[in-house]
Amino acid sequence: MSAYVVIDLDIENPAGFQEYVDAVTPLIEKAGARNLVVDDECLVLEGDWRPNTLVIHEFDSKEAALAFWDAPDYQPLKALRRRHSTVSVVVAQSR
């Protein structure tokens with residue numbers, strides 16, 4: 001079952017964040033995942049959630065998403081991301 005990592009992203013330093021994107025993209029691909037959505041102009045239809053930039057990654061499973069999240073290669077990139085952005089992240093699996 002596919003799993004989706006949903007990210008509400010607020011980029012504070014675009015140049016620094018681009019360094020993160022350049023480094024993380026090959027790791028996402030290596031994990032067999034793909035970007036489905038990157039949108040900084042989401043249209044809110046109901047409720048008060050206003051994501052700055054909405055990002056959705058698709059993984060083969062929740063286990064694959066968690067393996068990526070916990071991978072040793074990703075840990076320094078988390079720190080890099082945190083220096084240049086603020087995020088809220090959830091993972092959900094389809095049924």
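Predicted model: local features only at pLDDT ≥ 70, side-chain atom pairs only at ≥ 80, totals over all residues.
Four strands build an open sheet, and their order across it is β2-β3-β1-β4. The pairing is antiparallel. At the edges you will find β2 and β4, the latter covering residues 85–93, and each of these two pairs on one side only. If you compare neighbouring strands of this sheet, they are turned by 15° against each other on average, direction ignored.

Now zoom in on one pair of strands. Strand β1, made of residues 3–11, pairs with β3 in the antiparallel sense over seven bridges. To find your place in the pairing, look for A3, which stands opposite F59 in β3.

Next come the helices that meet the strands. Helix α2, residues 62–70, packs on the sheet and touches β1, β3 and β4. The direction of α2 makes about 150° with that of β4. Helix α3, residues 75–84, lies across β1 and β4, and runs at about 130° to β4.

How do helices pack against one another? Two packed helices are described by the angle between their axes and the distance between the axes. Here, helix α1 (residues 14–30) packs with α3 at an angle of about 150°, and their axes are 9 Å apart. An angle over 145 degrees counts as roughly antiparallel, so α1 is roughly antiparallel to α3. The crossing in which α1 passes α3 is left-handed. Which residues make the contact? On the α1 side they are G16, F17, E19, Y20, A23, V24 and L27, while α3 brings L77, L80, R81 and H84.

Finally, back to the salt bridge. Its partners are the side chains of R34 and E58, which meet at 2.8 Å, N to O. The pair links distant parts of the chain, with the two residues 24 apart: R34 sits in strand β2 (residues 34–39) and E58 in strand β3 (residues 53–59). Are these two partners buried or exposed? R34 counts as partly exposed because its relative accessibility is 49%, and exposed would need over 50%. E58 has a relative accessible area of 15%, so E58 is buried, the cut-off for buried being under 20%.

Key. Residues numbered from 1 in each chain as written. Heavy atoms only, no water. Salt bridge = Lys/Arg side-chain N within 4 Å of Asp/Glu carboxyl O. Buried < 20%, exposed > 50% of the residue type's maximum accessible area, 1.4 Å probe, protein only. Pairing = 2+ DSSP bridges. Axes fitted to C-alpha atoms, helices over the stretch in contact; angles between N-to-C directions. Contact = heavy atoms within 4.5 Å. Parallel < 35°, antiparallel > 145°, perpendicular 65-115°, else oblique. Left-handed = near helix turned anticlockwise from the far one by under 90°.
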